[in-house]
Amino acid sequence: MVSGREWVRADLPGPGTAPDPEGDLLLLGPDGAPGAALGRENRVLAAELGGRLLRRAGLARGDRVAVALSAEGDQSGTLVAEAATAAEARAAVVGPRGRMRLHAALEAMRATALVATPCGAADLLARLHMEFQADPLDLGLRRILLAGEVAPDTLRRRLAAEFGAEVGDLFIDPLLQVPVAHRPFGAEGAEGFEPARPGMIGLAPLDADTLDEPPYPAGTAEVVTVPDWHPALRGTVVRTGFTAAPAAGAAAVPAPSGTVGERVLVRGRWLSLPRLERELARIDGIGAWELRVSRPGTLDLAELRVAFARASLIGDRMWTARIDQALASFSPVRIAVAVEEEARDEGGAGRLTDERGHHLARERGGARARAG
């Protein structure tokens with residue numbers, strides 16, 4: 001095991017790298033909290049690094065790449081697109097827009113490659129069949145790169161078969177939003193992640209700030225990145241919040257199988273649980289709440305179930321609107337609000353219920369116990 005480095009948790013907001021007085025690209029967290037920054041030279045380094053990685057992932061000169069990832073604050077879509085142009089492809093950030101607009105964008109730019117979340121790609125596929133009565137093969141996509149969600153390999157196989165495309169995964173550093181590793185996926189199954197540079201992605205125990213070295217032991221570990229390419233972050237290890245479960249003796253990091261920490265992943269965006277707690281604590285009369293995250297179809301759904309402490313608040317549209325507004329002030333995804341029919345007062349206590357089974361625990365020690 002390797003130690004002696006500075007450890008950063010991507011689920012806890014921090015100042016990140018100091019802004020360049022001449023002007024940096026500031027990378028905010030999904031809830032607007034400070035994240036990190038990329039100066040001009042570092043942005044060039046990031047594009048070159050990502051370009052080499054995307055070439056190895058199969059992008060070629062002349063490819064037309066639609067990046068259906070967010071470009072709000074964290075800038076992941078923008079930085080992936082810049083990496084694609086460094087790979088001599090042409091790229092557009094179309095964002096995680098509605099599938100009708102995504103379909104129109106793919107046709108308008110005659111895209112040959114799509115970068116999207118697994119569920120976003122699956123939802124596009126479903127709507128092509130149900131709403132557009134279109135053949136996915138007609139889009140002409142030859143490559144699909146997936147990022148930002150936990151999804152089974154059965155979904156990757158289906159996307160490959162339906163679109164007639166080669167499917168792979170990208171791993172994007174959650175602090176700097178730069179693609180740092182890719183994972184080929186073929187008929188014979190999936191390989192582990194291949195880093196842009198050796199040592200840029202790895203695994204660490206959930207309850208100890210030490211890096212595991214391959215071959216990895218079996219069991220659940222946290223995926224970490226080592227952004228040594230960034231001058232100000234050399235010697236830093238980033239706990240990403242993703243977990244993976246390698247087989248005993250595996251030499252590479254497998255696809256993420258879960259998440260851990262103070263953020264829960266919903267539709268490819270990280271939702272801060274401490275921020276949710278703070279916003280709800282400001283609203284008088286909330287006796288208890290539960291955030292439920294599920295995946296009943298192709299997309300994640302988030303619902304906040306609220307129990308009011310006083311019966312007089314049940315059915316009060318103004319109070320429900322206050323909760324809606326509080327959620328909209330910070331959440332990167334839509335959260336539906338449901339009010340329980342009976343009042344109860346638990347002092348405003350809240351809990352997370354992940355019906356997908358992805359989020360192991362808020363505390364990494366608790367996740368270790370659950371995984372064990």
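Colleague: Which are the buried residues of α2?

Modeller: First, the ground rules. This is a predicted model, where local features need pLDDT of at least 70, side-chain atom pairs count only at pLDDT 80 or more, and totals for chains, interfaces and linings use all residues. Residues are numbered from 1 along each chain as its sequence is written, and side-chain values use heavy atoms, with hydrogens and water left out. Next, the terms. Buried means under 20% relative accessible area, exposed over 50%, and partly exposed in between, with a 1.4 Å probe and protein chains only. Helices (H or I, at least four residues) and strands (E, at least two) are DSSP runs, numbered from the N terminus. Now the case: S76, G77, T78, L79, V80, A81, A83 and A84 are the buried residues of α2. That is eight of eleven, and the helix is mostly covered.

Colleague: Where is S76 found, and what does S76 touch?

Modeller: S76 belongs to helix α2, residues 76–86. Its relative accessible area is 9%, so S76 counts as buried. Contact means heavy atoms within 4.5 Å. Leaving out residues up to four places away in sequence, S76 touches L69, S70 and Q177. For polar contacts, look for a pair of N or O atoms within 3.5 Å; within protein, one must be able to donate a hydrogen and the other to accept it, and residues adjacent in sequence count only if both atoms are side-chain atoms. Here, a polar atom of the S76 side chain lies 3.2 Å from the backbone oxygen of S70.

Colleague: What follows α2?

Modeller: E88 does, and its phi is positive, near 70°.

Colleague: Now sheets. In what order do the four strands of the open sheet lie?

Modeller: The general idea comes first. Strands of a sheet pair through backbone hydrogen bonds, either parallel or antiparallel. Two strands pair if DSSP finds at least two bridges between them. In this model, the order is β20-β19-β18-β21, with mixed pairing. The edge strands, β20 (336–339) and β21, each pair on one side only. From one strand to the next, the twist averages 20°.

Colleague: How many bridges join β18 to β19?

Modeller: Eight, and the two strands run antiparallel. A hairpin of six residues connects β18 to β19. On the β21 side the sense is parallel, over six bridges. There, L291 is partnered by L352.

Colleague: How many residues of β18 are buried, and which helix lies across β18?

Modeller: Eight of the nine residues in β18 (286–294) are buried. Helix α6, residues 273–281, lies across β18, β19 and β21, and runs at about 150° to β18. Axes are lines fitted to C-alpha atoms, for helices over the stretch in contact, and angles run from 0 to 180 degrees between N-to-C directions.

Colleague: At what angle do the axes of α3 and α4 cross?

Modeller: They cross at roughly 85° and come within 10 Å. Angles under 35 degrees count as roughly parallel, over 145 as roughly antiparallel, 65 to 115 as roughly perpendicular and the rest as oblique. So α3 and α4 are roughly perpendicular to each other. R99, L102, H103 and L106 of α3 meet G120, D123, L124, R127 and L128 of α4. By class, the contact residues are four nonpolar, two polar and three charged. Ala, Val, Leu, Ile, Met, Phe, Trp, Tyr, Cys and Pro count as nonpolar, Asp, Glu, Lys and Arg as charged, and the others, Gly among them, as polar.

Colleague: Is G120 buried or exposed?

Modeller: Buried, because its relative accessible area is 5%. G120 sits in helix α4. Not counting residues up to four places away in sequence, G120 touches R99, E149 and L299. Its C-alpha atom is 10.0 Å from that of A147, 27 residues apart along the chain.
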